[in-house]
Amino acid sequence: MINYEIKKYPDPILRKISSNVDIFDNAAEELVSEMAAIMLEKNGIGLAAPQIGICKRIIVFKTVGEDTETVEHLINPQIIEASGSILAEEGCLSMPKIYASVKRYACIRVKGKNKFGQEVIYETDKFWAVIIQHEIDHLNGKLFIDHLSAIKRRLLISKYKKQMSKD
Ligand code: CO
């Protein structure tokens, strides 16, 4: 396993637009499992490939069943339907220890591919819809703080910088 590191804000890689995956080979499969392992190790609930420095359109996210915990993945995800709105508190492994309420669609239908290149469609709402939208944003170089007003964003960034200089 390659020792990937989580890229932290303001790393410029987090602002890049990721490219589609069009070869579904072992490398894609391995990357998905490594991303899942890193996310679990860091106690995250979602992770996008650019957060480990790889600008490919791959996201992983945790889903929780009654007594199971699984990691799902989506490659080249695209929101094909969205409705409603929800305000939920978000955080990000690339901006540790800061949180803010962000407005998102409450229900989404998202289309993508699995690691074998097969088409998959997820229909999800609330918590999972928020995570998937947050992770897809990463593929477009967007962070959750970009959804805030300029004043709130500035406050949060200065809080984050103070926090980081302490660590
Ligand atoms: Co994030």
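**Before starting**

This is a predicted model, in which local features need pLDDT of at least 70 and side-chain atom pairs count only at pLDDT 80 or more, while totals for chains, interfaces and linings use all residues. Residues are numbered from 1 along each chain as its sequence is written, and side-chain values use heavy atoms, with hydrogens and water left out.

**First stop: helix α2**

Select residues 126-139, which make up helix α2. Helices here are DSSP runs of H or I with at least four residues, strands are runs of E with at least two, and both are numbered from the N terminus. The 14 residues of α2 reach 21 Å from the first C-alpha to the last, close to the 20 Å expected at 1.5 Å a residue; that expected span is 1.5 Å times one less than the number of residues.

Next, colour the helix by accessibility. Buried means under 20% relative accessible area, exposed means over 50%, and partly exposed lies in between, using a 1.4 Å probe and protein chains only. Because 11 of its 14 residues are buried, α2 is largely enclosed by the rest of the structure. Among these buried residues are I131, I132, H134, I136, H138 and L139. Following the helix is G141, with a positive phi near 70°.

Now select F127 and W128. Their ring centres are 4.8 Å apart and their planes stand at 70°, so the pair is edge-to-face. Rings of Phe, Tyr and Trp (its six-membered ring) pair if their centres lie within 6.5 Å; planes under 30 degrees apart count as stacked, over 60 as edge-to-face and the rest as tilted. F127 is partly exposed, with a relative accessible area of 46%, and W128 is also classed as partly exposed, at 23%.

The structure holds 8 salt bridges, each being a side-chain nitrogen of Lys or Arg within 4 Å of a carboxyl oxygen of Asp or Glu. E90 is in strand β4 and R104 in strand β5 (residues 95-104), so the pair ties together parts that are 14 residues apart in sequence. Both E90 and R104 are buried.

The side chain of R109 meets that of E81 in a salt bridge of 3.7 Å, N to O. With E81 in strand β3 and R109 in strand β6 (residues 107-113), this pair ties together parts that are 28 residues apart in sequence. R109 also meets E123 in a salt bridge, at 2.7 Å, N to O. E123 lies in strand β7 (residues 119-125). Salt bridges that share partners therefore join E81, R109 and E123 into one network. R109 is partly exposed, at 26% relative accessible area, whereas E123 counts as exposed, at 62%.

A search of the whole structure finds 3 aromatic pairs. One of them joins F61 and Y122, edge-to-face at 5.7 Å centre to centre with 70° between the planes. F61 is in strand β2 (residues 58-64) and Y122 in strand β7, so the pair ties together parts that are 61 residues apart in sequence. F61 counts as buried at 2% relative accessibility, and Y122 is partly exposed at 22%.

**Last stop: P77**

Finish with P77, in strand β3 (residues 69-83), which counts as buried at 4% relative accessibility. The C-alpha atoms of P77 and I58 are separated by 7.6 Å, although the two residues are 19 apart along the chain. Leaving aside neighbours within four places in sequence, P77 is in contact with residues including R57, V110, I136 and L139, where contact means heavy atoms within 4.5 Å.
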